[in-house]
Amino acid sequence: MAGFKSEFLHTLSERGFIHQTSGDEALDALFATETVSAYIGFDPTARSLHVGSLIQIMMLHWLQKTGHRPVALMGGGTGMIGDPSFKDEARQLLTPEGIEGNLAGIRQAFAPYLAFGDGPTDAIMVNNADWLMGLNYVEFLRDVGRHFSVNRMLAFDSVKLRLDREQSLSFLEFNYMILQAYDFVELSQRYGVRLQMGGSDQWGNIVNGLDLGHRMGTPQLFALTSPLLTTSSGAKMGKSASGAVWLNADMLSPYAFWQYWRNTEDADVGRFLKLYTTLPMDEISRLEALGGAEINEAKKILANAVTGLLHGEAVATEASETARKTFEEGALAENLPTIEVPAEEFDAGIGLLTLYVRAGLATSNSEVRRHVQGGAVRINDQPVSDEKRILGPADLASGVVKLSLGRKKHVLLRPVA
């Protein structure tokens, strides 16, 4: 539906968040006339969410910003199973202790984007373990399971893909979509939730919840999905050459986070400004029209805005200044990511290949060799041509060694007693 009347759907539409919705006109009318509670689920598969989840958090941010109530659902119960959607094999099962530790870490990412409290538009965070872990299995089968058609579930793309490849889909995983649908009904009954949002790979699971709600007598429920994002070159959002782009500062330094956005491909700058920042649309239009060398200024604005939202403006400014000193002045910026190595080990000498892998600048010795051969490896800003180079005390400059890969990746090595 073009031209949404409600502020929330209009905002999401113009910024590129909407892939599919159910009942466009009725959903638009609901948002135009009521304070709507909507939720997104997050499964605790790691101690931090990564950039791939940031589009969902931004959807909750805009929901609250336009006068509605965000509900962040933590999958403490469903995390015991793991979402099988579009996975080639079963997830490794997590322990209850592992799930609780992951939930504690994940919660940190929401505070910068949402205001939590008891008011009508204050965000709430709930855990589906509260209702799933105490279910009576026979009663659940009778009251909820009877509403699901196995024939229909087998036709879902997420299931069909696994079966077409003749890959195992356990009964445990098959139940995940039933539990997710049941979450929607529980949230409707407990908190008046009317809308579930998620990535487009969740469409089948969300629609399941609409159908179950209809059969179990909830008010009309709605679905809204966002596009699954890749970069212009086809890379998956949330991944970089050195691993996942985590949101928690203890798993990825704010400087490395800033650099991820600074290195955005030219063709993605406008799209990412719309999705991941709160800059006004007219300002974004001006920035995405820049070309040539000026596009780099737009990338810095993108990096500052995204990092500022998550880690605070002061941290974003510090990261930007670190980058400026490192790249424009060639200075040894103390705020660069740092790895510490035992002084005893360093004094004995450590191989170049080992250090670059340990620093996260490469994933294997062979990758470092290729970079050496390509002239991309530098120690203290000096090119290195010997892949067998050993680093030791003679390489220290102001107590550290600067390891560089290309022009944009730098790590400080610091020996510690």
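## Briefing: overall fold and residue Q56

With 417 residues, a compact globule would have a radius of gyration near 22 Å, and the protein chain agrees with this at 24 Å. The model is predicted.

**Overall build**
- The protein chain holds 19 helices and 15 strands.
- Along the principal axes, its C-alpha atoms fill a box of roughly 75 × 50 × 40 Å.

**Packing and contacts**
- Buried residues make up 48% of the 417 in the protein chain.
- Take the contacts between residues at least 6 apart in sequence: 73% of them join residues at least 24 apart.

**Surface and charge**
- The side chains include 38 positive and 49 negative ones.
- The centres of these two charge sets lie 3 Å apart.

**A look at Q56**
- Q56 sits in helix α3, which covers residues 54–65.
- Is Q56 buried or exposed? Its relative accessibility is 10%. The cut-off for buried is under 20%, so Q56 counts as buried.
- Leave aside the neighbours within four places in sequence, and Q56 is in contact with I40, F42, G198, G199 and S226.

How values were computed
Residues are numbered from 1 along each chain as its sequence is written. This is a predicted model: local features need pLDDT of at least 70, side-chain atom pairs count only at pLDDT 80 or more; totals for chains, interfaces and linings use all residues. Side-chain values use heavy atoms; hydrogens and water are left out. Helices (H or I, at least four residues) and strands (E, at least two) are DSSP runs, numbered from the N terminus. The radius of gyration is taken over C-alpha atoms; the globule rule is 2.2 Å times the number of residues to the power 0.38. Buried means under 20% relative accessible area, exposed over 50%, partly exposed in between (1.4 Å probe, protein chains only). Contact means heavy atoms within 4.5 Å. Lys and Arg count as positive and Asp and Glu as negative; His and the chain ends are not counted. The place of a charge is taken as NZ of Lys, CZ of Arg, CG of Asp or CD of Glu.
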